[in-house]
Structures are given as C-alpha cells and as structure tokens.
Amino acid sequence: MRNITILGATGSVGKQSVDVAKAYPDKIHVGCISAHRDVEALAEAANELRPEYVAFTGAETELNQVEKLLDYRPVILSGRDALKKACTCGQPDMVVLSVLGIAGLPAFEECLKHKITVALANKESLVCGGHIAQKLIQETGTKVLPVDSEHSALFQCLNHHFDTKGVENLWVTASGGPFLNWSKEEIEHAPLEKALKHPRWNMGQKITIDSASLANKGLEVMEAHFMYHIPPEHIKVLIHPQSIVHSMVEWEDSSVTAQMGPVDMRMPIQKAMLFPEMVPNPCIKPLNFYEIGSLEFSEPDIERFPCLALAFDAIREGTTAVYNTANEEAVACYLSASIEFGEIARLIQKSMKEFREKKPQNVAEILDLEQDVRNYVRAQVWDIRR
C-alpha cells in the first residue's frame with residue numbers, strides 16, 4: 001500500500017489524481033490532500049478519500065467553512081507554511097505535486113530535501129528552479145517522475161530513464177490549441193471565450209490560455225531541458241492536432257521511438273503514481289486504431305506563436321524563471337481583460353530583457369525575483385492601459 005499526498009487536489013490534474021487513487025484502493029492510500037481556494041471540492045475529496053491530513057492555503061476566514069463541510073476530523077494544516085508541512089505529514093512515499101504555478105516551488109524543494117518521491121505535474125517548479133533544482137535532485141538522489149503527458153511519454157520511450165545517451169532529438173508534440181489555423185492578426189486580438197475553448201484537452205483556465213499561445217509548450221521544452229539534461233537545440237516541437245502521439249525520441253541512428261495513448265491525463269498520472277508497476281487502467285478507454293484514421297504533423301509557426309521561440313531564448317539566456325513568472329502575470333491580466341492576447345508574448349520578452357542579468361542562487365532568491373517580475377509586468381500593463 002502506497003501512502004500518497006496529493007497537493008492541488010482540486011485542480012484539473014489533482015482531481016484526476018483523486019480518480020486514479022480511487023481506482024486502486026488496494027494499492028494507494030491518500031494520506032494528505034491540499035487546495036488553495038475551492039473549499040467545497042476540497043471537502044468533497046476529503047470526505048471520499050478520508051486522508052489523515054487536509055491542507056488549506058487559502059484565506060484564514062474560510063477555514064471554518066472547510067471544517068463545517070468535513071464529515072470527519074482530520075488534522076487541518078493552514079497558514080503560510082501549510083503546503084510545505086503537507087509534503088512530510090504522515091510520511092508519504094510520494095507527493096503528487098499538481099499545485100498551479102511557481103507556488104509549487106517551495107514544496108518541491110521540501111520534497112527533495114526529505115528525499116520524498118515527486119510525481120511532478122507542476123512544471124513551473126523545474127522551470128523556475130532550473131539548475132538549483134537539478135543540483136538538489138542529483139545531491140539527494142530523489143526520484144522525480146513526470147506527470148505531464150509529453151514528459152511521461154519521453155520517460156517511457158527512454159525505457160524509464162533520464163539518460164539521453166545515444167539520443168539525437170527529443171520530439172515534443174503540441175495540439176496547436178484553438179488558434180492553430182488563425183492568422184497572426186486574429187491571434188493578436190483573440191477574444192477570451194475563444195482562447196478558453198481547447199479542441200482536445202479539458203484543463204484549467206491558465207494552462208488553457210498557455211496552450212493557445214504555445215507558452216505551455218515552451219514551458220515543456222524548458223522542463224525537458226532540465227529533466228533530461230539535453231541542450232535546447234536537441235529538443236523539437238511538432239504540431240500534432242490529434243494528440244495521439246504524445247512524444248518521440250529520435251536516436252542517433254535515425255530510428256524513432258514514439259509513445260501513443262488516448263487523450264486522457266489519467267494515463268500518465270497512473271504511470272507515475274504506481275511506478276514501476278504496469279497494471280490495467282480502468283480510468284481510460286484504450287485507443288481504437290480502426291477509428292483513429294490519419295495522423296497529422298507540421299512545424300510550429302513561431303511568427304504567429306512567439307511564446308515558443310522565447311522559451312528557447314530563455315533557456316540559452318538563463319531567464320526561464322523570468323519567462324514563467326512574466327507569463328503567469330500576463331495571462332492573469334488577459335483573463336481579467338486588462339490586455340489583449342498579443343500582449344502576453346511582448347510582456348514576456350520585455351521582462352526577459354529587463355531581468356537578463358538576474359541569476360538567483362537559491363529558492364529564496366527565485367521567489368524574490370518572482371515578485372520583482374510581477375511588479376514590472378503590472379507596471380507595463382498599467383502603461384498599456386493608459
């Protein structure tokens with residue numbers, strides 16, 4: 001029986017992690033779950049899973065509501081350090097880190113320091129932590145398992161290793177999002193309701209906007225760079241609207257290994273939560289190759305989707321943390337109708353230029369840089385709106 005903690009249990013990946021846990025009651029015990037805002041969803045998941053610990057990182061004024069909705073009495077963690085405490089409470093064998101954004105970085109560091117296996121759905125932790133996180137992983141020997149479908153696919157293609165010896169290129173696929181066939185001008189002024197209609201995946205608002213701009217694919221390129229220790233020039237992005245092929249490994253002898261699967265995040269989640277076991281997955285419907293038909297592939301257009309090109313620049317310049325934070329803040333401004341869609345990429349680019357010389361040496365300095373970048377983006381948005 002594995003004792004697993006799910007951080008961010010009320011988000012898209014978190015909810016699907018709960019689904020996977022419920023599908024294997026004889027293999028998985030969830031000892032702790034956390035949420036930031038969704039009190040009702042947190043209570044519902046807790047009442048169903050009965051974890052010994054429940055962490056709530058939202059407003060203290062909502063704590064009473066959490067307690068009222070629970071039909072049993074777990075230990076409730078709250079306050080500024082609740083997420084970090086949740087990493088070690090109950091001595092978990094694994095932490096599923098599905099917290100949104102850079103907020104997951106301190107928890108990621110906490111897991112590494114205590115050598116707790118991480119099922120990583122929070123790509124921002126690795127993107128912002130960069131070489132600092134890499135060093136911690138190497139020093140502690142902590143196992144970090146990918147949950148993103150693309151990185152789970154690469155991990156499978158590499159025979160469940162992170163060694164890229166003999167690899168020529170890693171190919172990461174992208175659906176292309178809702179604006180795949182839109183003109184540059186149309187994308188520039190894209191309305192929010194269109195940006196939130198992803199053709200394949202059902203995700204939260206922020207990641208759906210990232211998919212529309214291909215910033216999400218840029219973050220995945222950064223994650224691949226740090227996770228697989230491979231230079232950016234050997235990471236390729238391929239537009240694949242059907243989302244059947246999740247990633248591919250091109251070997252030095254020109255042969256290619258591809259991983260295919262249904263459009264369902266519960267597949268990579270299950271692989272991480274039960275690693276290294278290979279067991280049937282009752283949560284998903286297997287591929288039917290008689291129904292798939294044709295598969296399409298094309299090169300991404302970085303003129304229409306500049307966020308992707310900026311991601312490669314960020315790796316080379318060492319500004320991946322700046323890219324991530326600037327994008328988070330810009331997307332929040334777009335969601336609140338403060339800027340147009342095209343401004344997202346320009347705000348990222350300006351931020352990377354402004355903070356190019358900043359090279360944080362630890363997590364605390366990364367978080368300080370985060371606040372500086374947020375303040376800068378907000379000031380730029382204020383100027384745009386004037």
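**Close-up legends**

**View 1. Opposite valine 172 sits serine 247, a residue of strand E10.** This is a predicted model, in which local features need pLDDT of at least 70 and side-chain atom pairs count only at pLDDT 80 or more, while totals for chains, interfaces and linings use all residues. Residues are numbered from 1 along each chain as its sequence is written, and side-chain values use heavy atoms, with hydrogens and water left out. Strand E8 (residues 167-174) pairs with E10 in the antiparallel sense, over 5 bridges. (Strands are DSSP runs of E, at least two residues; helices are runs of H or I, at least four; both are numbered from the N terminus. Two strands pair if DSSP finds at least two bridges between them.)

**View 2. Here's the open sheet of 4 strands, ordered E9-E8-E10-E11, with mixed pairing.** Strand E9 (235-239) and E11 are its edge strands, each pairing on one side only. From one strand to the next, the twist averages 20°. Helix H7 lies across E8, E10 and E11, and runs at about 40° to E10. (Contact means heavy atoms within 4.5 Å. Axes are lines fitted to C-alpha atoms, for helices over the stretch in contact, and angles run from 0 to 180 degrees between N-to-C directions.)

**View 3. Zoom in on the hairpin that E10 and E11 form, with 4 residues between them.** Strand E10 (residues 245-251) and strand E11 (residues 256-260) pair in the antiparallel sense over 5 bridges. Methionine 248 has alanine 258 of E11 opposite. In the turn, look for serine 254, whose phi is positive at about 75°.

**View 4. Three residues, Asp148, Glu150 and Glu220, carry the label "binding site" in an unreviewed UniProt entry.** These residues span 73 positions in sequence, but no two of their C-alpha atoms are more than 8.4 Å apart, so they gather at one spot. Glutamate 150 belongs to helix H7 (residues 149-157). (UniProt positions follow the numbering used here, feature names are shortened, and annotations may be inferred rather than shown by experiment.)

**View 5. Helix H6 (residues 123-140) packs against helix H11 (residues 215-228) at about 30°, with the axes 9 Å apart.** The two helices, H6 and H11, are therefore roughly parallel to each other. (Under 35 degrees counts as roughly parallel, over 145 as roughly antiparallel, 65 to 115 as roughly perpendicular, and the rest as oblique.) H6 goes past H11 in a left-handed crossing. (Left-handed means that the near helix is turned anticlockwise from the far one by less than a right angle; right-handed means clockwise.) On the H6 side, the residues that meet H11 include Leu126, Val127 and His131. Their counterparts in H11 include Leu219, Glu220, Met222 and Phe226. Sorted by class, this H6 and H11 contact has 6 nonpolar, 5 polar and 3 charged residues. (Ala, Val, Leu, Ile, Met, Phe, Trp, Tyr, Cys and Pro count as nonpolar, Asp, Glu, Lys and Arg as charged, and the others, Gly among them, as polar.)

**View 6. H11 also packs with helix H14 (residues 306-317), at about 25° and with the axes 7 Å apart.** H11 and H14 are therefore roughly parallel to each other, and their crossing is right-handed. From H11, Ala215, Lys217, Gly218, Val221, Met222 and His225 meet Cys307, Leu308, Ala311, Phe312, Ala314 and Ile315 from H14. The class tally for the contact of H11 with H14 is 9 nonpolar, 2 polar and 1 charged.

**View 7. An open sheet of 7 strands runs in the order E4-E3-E2-E1-E5-E6-E7, with parallel pairing.** Strand E4 (75-78) and strand E7 (144-146) are the edges, each pairing on one side only. The average twist between one strand and the next is 20°. Helix H2 (residues 39-49) packs on this sheet, touching strand E2 (28-35) and strand E3 (53-56), and its direction makes about 165° with that of E2. Strand E1 (residues 2-7) and strand E5 (residues 94-97) share 4 bridges in the parallel sense. Isoleucine 6 has valine 96 of E5 as its bridge partner.

**View 8. Two loops with backbone details to check.** Phenylalanine 275 and proline 276 are joined by a cis peptide bond, with omega about 5°. Proline 276 is in the loop between helix H12 (266-273) and helix H13 (289-292). Lysine 115 isn't a glycine, although its phi is positive at about 55°. That lysine 115 sits in the loop between helix H5 (105-113) and strand E6 (117-120).

**View 9. Residues 260-376 are listed by UniProt as "domain: DXP reductoisomerase C-terminal" in an unreviewed entry.** Across residues 260-376 the chain is 56% helix and 1% strand, and the end C-alpha atoms lie 41 Å apart.
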